[in-house]
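The overall fold comes before the individual elements.

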Amino acid sequence: PAAPHAPAVVIGSGYGAAVAALRLGLAGVPTLVLEMGRLWDTAGPDGKVFCPTITPDRRSMWFRTRTEAPLSTFLWLDVVNRRIDPYPGVLDRVNYGDMSVYVGRGVGGGSLVNGGMAVTPPRPYFSEVLPGVDAEAMYGTYFPRARRMLGVNEVDRSWFESTPWYRFSRVSRTHAARAGLGTVFVPNVYDFDYMRREAAGEVPRSALAGEVIYGNNHGKRSLDRTYLAAALATGRVTVETMSRVRALRPANTGGTGGAGGYVLTVERLDLSGRVTAVDEITTGRLFLGAGSLGTTELLLRARETGALPDLDPEVGRGWGHNGNVMTARANHLWDTVGAQQSTMPVLGIDDWNNPTHPVFAEIAPLPMGLEHWISLYLAITKNPERGHFTYDAATDSARLRWTRDQNEPSVAAARSLFDRINRANGTIHRYDLFGGNRKFADDFTYHPLGGCVLGRATDGYGRAKGHPGLYVVDGSLVPGSIGVNPFVTITALAERNMERIVQEDILG
Ligand code: FAD
């Protein structure tokens, strides 16, 4: 029998994918979304959809027997990670030798696990990174559209100044100021009205109960509540979960390079991770929104196995980790950060205009329910190094080529900033948190970017070069760095590109 056909298929359901699904649905195109993770809408035995952070269970991580949290130890003790049963949990850590990448799994992708920080990059840096994109249109139209659709809001300043839940941010702000550094408030997609009601004891706690990396049970405007809900409401979009796209090839209806559409090989997974069926689906238009790692792997595999041999040599290149480095400082005993900490960051130290070492450092929470005198930061640095992916035929997977020494520019920038803050405050680094007595955690990232860079692997709107009907819509378009937390940029870029694609390729 002929494979089932969908006029449009979107692979993944993160930011880029969710924008594509909505815009296709609104254009009247029947669209199938294929997501390898589950739909997070059903409560477990504890009555909650997501598991607690301090006592994680199988819902926490993607098919693991033990959790792999970013902060692995405290006072060098292995107190953070727990044994768990394998299950399609919401957070994955993809380990590639010298670099590990955290990603979300499930309907909503990274929006299910991230810190919600909704930051628009400084315009000069956006133009430096993506010179081919009209910044006027981005800042006038698509960034505002993305922020509105994502439900971005800001913390009430007077509440921020008085609540114990943000004492940790205020302490770090004071310490930065002593070193002559300014901080900026950062918008978020977490509903701050809900958070205030959490603090008042009126509603169940989520951000104030340590929830974030394994999912928020309340308060977070994740994509399943925003873009994806709107996409489903068009009546044109359907989502199939536990459906991992394994391969794509051109449909052999006479066209070359995909002119006749594409055939997808889709593995249907059960909750134990077993492949219960392998289906083929054909489509005329294929939108890749599987994230920097997922999209790049699918296209690299297609090129290297000969399924789509003419995909551009730039596929697999231009990857970066947005200069991510995590670090922590030990405060004086009189500088308490508080046992109560909200998991949603709202302040960043802005030293991006530093001529030698640009850094935008998010003041991150470390909610342990006890006073620990730690100030934690996720530094975003400007690192010119780029990695690339190679296809490993033996395992049929993509390998990231990134070596530890490529982090050196990031570590040097973070060291310069935090040495300055430590000097001004008479404080020191913590080195018991990241394993190996390290002050700087440079072995993982939350911000994988690139692999199918806009204007190089694709045209200026994400169309795969020479392959009609094949589009890239996610973070793999961004060339390795954007200077701030990336999801607002990924969303706004997808809005810009989808508007053009719908006009020219679908309605036109
Ligand atoms: P993703 O959101 O990664 O979505 C890709 C989806 O595709 C996933 O659901 C995945 O399961 C699915 N998929 C992958 N491969 C396949 C396949 N073969 N078949 C089917 N489905 C597939 N960014 C910010 O801006 N602010 C923050 O505060 C922030 N905090 C973060 C905290 C954490 C812990 C993490 C992990 C990330 C954070 N990020 C943050 C980063 C942000 O979440 C990502 O940049 C963003 O999610 C990337 O969007 P995307 O559209 O590229 O893909």
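Helices (H or I, at least four residues) and strands (E, at least two) are taken here as DSSP runs, numbered from the N terminus. On that basis the protein chain holds 10 helices and 21 strands. The model is a predicted one, in which local features need pLDDT of at least 70 and side-chain atom pairs count only at pLDDT 80 or more, while totals for chains, interfaces and linings use all residues. Residues are numbered from 1 along each chain as its sequence is written.

Along the principal axes, the C-alpha atoms of the protein chain fill a box of roughly 75 × 50 × 45 Å. The radius of gyration, taken over C-alpha atoms, is compared with a globule rule of 2.2 Å times the number of residues to the power 0.38; for 508 residues a compact globule would have a value near 23 Å, and the 22 Å of the protein chain agrees with this. Of these 508 residues, 52% count as buried, a residue being buried if 20 or more other C-beta atoms, placed from the backbone, lie within 10 Å of its own.

The ligand is surrounded by 40 residues, of which G12, G14, G109, G110 and G294 are the closest; a residue counts as near if its C-beta atom, placed from the backbone, lies within 6 Å of the molecule.

The largest contribution to the shell around the ligand, 4 residues, comes from α8. Of the 14 residues of α8, 13 are buried, so this helix is largely enclosed by the rest of the structure. At 1.5 Å a residue (times one less than the number of residues), α8 should span 20 Å, and its end C-alpha atoms, 19 Å apart, agree with that. After α8 comes G306, whose phi is positive, near 90 degrees.

In helix α6, which comprises residues 192-199, the residues F192, Y194, M195 and E198 are buried. They cover an arc of only 150 degrees around the axis, which puts them on the same side of α6, the arc being that of the directions from the helix axis to the C-beta atoms. Just after α6, G201 takes a positive phi of about 80 degrees.

Technical notes:
Buried ≥ 20, exposed ≤ 12 C-beta atoms within 10 Å, placed from the backbone.
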